[in-house]
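Me: I would like to learn how to read aromatic pairs and strand pairing in a model like this one. Could you take me through it step by step?

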Amino acid sequence: MFNVIDTRSNTVAGIAYTYKEAKAMASAYRRSQYIKKENWQVITIKKRIEPPVRTYFATDDGCCDSLRDRNCEIYGRAHR
């Protein structure tokens with residue numbers, strides 16, 4: 001995922017899943033803000049840092065509890 005950042009105010013103008021989509025979003029944002037082509041660098045694209053996924057390990061059997069907890073955290077549902 002990528003963030004489209006307006007460096008004038010250090011705000012996130014948009015979030016895109018692919019770099020191609022981020023470029024298109026940045027171009028549209030530049031047009032909507034009337035940014036001239038001489039100042040196009042004020043809008044930057046940076047890769048979004050994803051938080052690490054926590055893995056839980058149970059002490060008694062280990063496998064099923066940690067897998068169920070991880071799936072609950074990632075997907076919001078238990079392992080089936």
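Reply: Rings of Phe, Tyr and Trp pair if their centres lie within 6.5 Å, and a pair with planes over 60 degrees apart counts as edge-to-face. Please keep in mind that this is a predicted model. A search of the whole structure finds one aromatic pair, and it is formed by Phe 2 and Tyr 19, edge-to-face, with 5.7 Å from centre to centre and 70° between the planes.

Me: Which parts does the pair of Phe 2 and Tyr 19 tie together?

Reply: Phe 2 lies in strand S1 (residues 2–6) and Tyr 19 in helix H1 (residues 19–32), so the pair links parts that are 17 residues apart in sequence.

Me: Is Phe 2 buried or exposed?

Reply: Buried means under 20% relative accessible area, and Phe 2, at 16%, is buried, whereas Tyr 19, at 46% relative accessibility, counts as partly exposed.

Me: What lies over the face of Phe 2?

Reply: Lys 47 lies there, at 5.0 Å from the ring centre, and Lys 47 is also the bridge partner of Phe 2 in S3.

Me: How should I read the strands and their order?

Reply: Strands of a sheet pair through backbone hydrogen bonds, either parallel or antiparallel. Here three strands form an open sheet in the order S2-S1-S3, with antiparallel pairing. Strands S2 (11–16) and S3 (43–47) stand at the edges with a single partner strand each, so one side of each is left without a neighbour in the sheet. From one strand to the next, the twist averages 30°, and S1 and S3 pair in the antiparallel sense over five bridges.

Me: Where does H1 lie?

Reply: H1 lies across S1, S2 and S3, and runs at about 160° to S3.

Conventions: Residues are numbered from 1 along each chain as its sequence is written. This is a predicted model: local features need pLDDT of at least 70, side-chain atom pairs count only at pLDDT 80 or more; totals for chains, interfaces and linings use all residues. Side-chain values use heavy atoms; hydrogens and water are left out. Rings of Phe, Tyr and Trp (its six-membered ring) pair if their centres lie within 6.5 Å; planes under 30 degrees apart count as stacked, over 60 as edge-to-face and the rest as tilted. Helices (H or I, at least four residues) and strands (E, at least two) are DSSP runs, numbered from the N terminus. Buried means under 20% relative accessible area, exposed over 50%, partly exposed in between (1.4 Å probe, protein chains only). A charge sits over a ring if NZ of Lys or CZ of Arg is within 6 Å of the ring centre and within 35 degrees of the ring normal. Two strands pair if DSSP finds at least two bridges between them. Axes are lines fitted to C-alpha atoms, for helices over the stretch in contact, and angles run from 0 to 180 degrees between N-to-C directions. Contact means heavy atoms within 4.5 Å.
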